[in-house]
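Here's a quick briefing on the chain shown below.

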Amino acid sequence: MMKIICVVKFVPDVDNFSYDYENHVLIRENSRLMINPDDACAIGFALEMKNRKPEVFIEALTMAPRSVVPLMEDLLRVGVDRGTVITDRRFAGSDTFVTSRILGRSLSGREFDAILTGTHAIDGDTSHVPSQIAEILDLNQMSGIIGIDGECFMPSALVEVEDEKSRRKYEIDLPAVLSLTRESGYRLPYVRHKNLNLDVSDRLFCLDNEALGFEEGETGLSGSPTKVSRSYTKTYQEREQRLVGTDQKGIDLVYDFLKEKRFV
């Protein structure tokens with residue numbers, strides 16, 4: 001059986017969030033939350049793998065306040081097999097370093113074939129956590145993934161990565177931490193109407209510090225070495241779409257675009 005753990009983050013709705021200006025942290029407890037878009041793609045790919053191979057077991061893991069439980073339940077209703085929420089008030093305000101330590105400790109010693117994450121989070125966009133988890137677990141890690149070959153997933157993964165200058169393919173031995181972007185196109189399905197009220201509580205588990213055993217002062221604001229001087233909500237620009245014909249002008253435009261992106 002193949003086991004995939006998707007480490008996901010629930011982020012404040014960009015149109016409805018609160019900010020603690022004194023401590024420079026987002027207030028998540030009373031904010032309307034949604035799954036981070038890149039992380040949704042990670043779940044989407046895992047579910048595609050499960051459709052190919054029903055024996056694939058998917059776990060969604062998050063560190064968040066208990067208010068995310070209904071959102072985690074919806075992930076179980078679309079095909080995720082197990083959900084784990086790491087939640088403790090002592091963890092509130094943890095920076096990316098401490099968050100990675102908490103997630104890493106929860107994953108340490110567990111068996112899995114791959115850890116899937118998103119590359120970026122819309123409420124911070126540091127991209128620190130996936131690589132730090134990989135460092136803690138002594139695993140390889142790749143960010144910016146726009147495609148994974150589902151036919152050749154084990155014992156290594158064939159991934160396609162895009163940055164501002166190029167698009168490249170890599171082969172990575174598994175287990176590894178693979179971080180996708182929303183450009184990958186993998187989609188998180190909607191909950192089917194018949195499953196909207198499906199009871200999934202027997203597959204959802206919560207962990208607190210009693211299970212993880214961090215000492216006083218190791219987590220939260222007091223345990224976080226990062227000092228935030230400023231925070232802002234990332235904005236996204238709509239990409240330009242151009243329709244071209246099959247005449248010479250259209251062919252030239254496509255060729256020039258591919259050449260600019262270094263595909264030819």
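A residue counts as buried when its relative accessible area is under 20%. By that cut-off, 44% of the 264 residues in the protein chain are buried. Keep in mind that this is a predicted model. If you look at contacts with a separation of 6 or more, 72% of them are between residues 24 or more positions apart.

**Helices α3 and α4**

- Helix α3 covers residues 96-107 and helix α4 covers residues 128-137; their axes come within 9 Å and cross at roughly 45°.
- That angle is neither roughly parallel nor roughly perpendicular, since those classes sit under 35 degrees and at 65 to 115, so α3 and α4 count as oblique to each other.
- As for handedness, the crossing of α3 and α4 is right-handed.
- On the α3 side, the contact is made by T96, F97, T99, S100, R101, L103, G104 and L107, while α4 brings in H128, V129, Q132, I133, I136 and L137.
- Sorted by type, the residues of this α3 and α4 contact come out as seven nonpolar, six polar and one charged.

**Two buried serines**

- S179 sits in strand β12, which runs over residues 176-180.
- With 0% relative accessibility, S179 counts as buried.
- Its side chain makes a polar contact with the side chain of Q141, at 3.0 Å.
- Setting aside neighbours within four places in sequence, S179 is in contact with T117, G118, T119, P130, Q141, M142, S143, G144 and I145.
- S224 belongs to the loop between α6 (220-223) and α7 (248-260), and at 6% relative accessibility S224 counts as buried too.
- The S224 side chain reaches the backbone oxygen of G220 at 2.6 Å.
- Not counting residues up to four places away in sequence, S224 touches G93, S94, D95 and V98.

**The loop between β9 and β10**

- E151 is in the loop that links β9 (140-148) and β10 (156-162).
- Is E151 buried or exposed? At 62% relative accessibility, E151 counts as exposed.
- E151 and R52 are 99 residues apart in sequence, yet their C-alpha atoms are 8.7 Å apart in space.
- Their side chains make a polar contact at 2.5 Å.
- M154 is in the loop between β9 and β10 as well, and at 39% relative accessibility M154 counts as partly exposed.
- P155 is also found in that loop between β9 and β10.

- Some background first: most residues other than glycine have a negative phi, and most peptide bonds are trans.
- Where does the backbone have a cis peptide bond? One runs from M154 to P155, with omega near 0°.
- Another cis bond goes from L174 to P175, with omega near 5°; P175 is in the loop between β11 (167-173) and β12.
- M154 also has a positive phi, near 125°, in a residue other than glycine.
- S127 has a positive phi of about 65°, although S127 is not a glycine.
- You'll find S127 in the loop between β8 (114-118) and α4, and with a relative accessible area of 22% it is partly exposed.

Note on methods. Residues numbered from 1 in each chain as written. Predicted model: local features only at pLDDT ≥ 70, side-chain atom pairs only at ≥ 80, totals over all residues. Heavy atoms only, no water. Helix = DSSP H or I, 4+ residues; strand = E, 2+ residues; numbered from the N terminus. Buried < 20%, exposed > 50% of the residue type's maximum accessible area, 1.4 Å probe, protein only. Polar contact = N/O pair within 3.5 Å; in protein donor to acceptor, adjacent residues only side chain to side chain. Contact = heavy atoms within 4.5 Å. Axes fitted to C-alpha atoms, helices over the stretch in contact; angles between N-to-C directions. Parallel < 35°, antiparallel > 145°, perpendicular 65-115°, else oblique. Left-handed = near helix turned anticlockwise from the far one by under 90°. Nonpolar A, V, L, I, M, F, W, Y, C, P; charged D, E, K, R; others polar.
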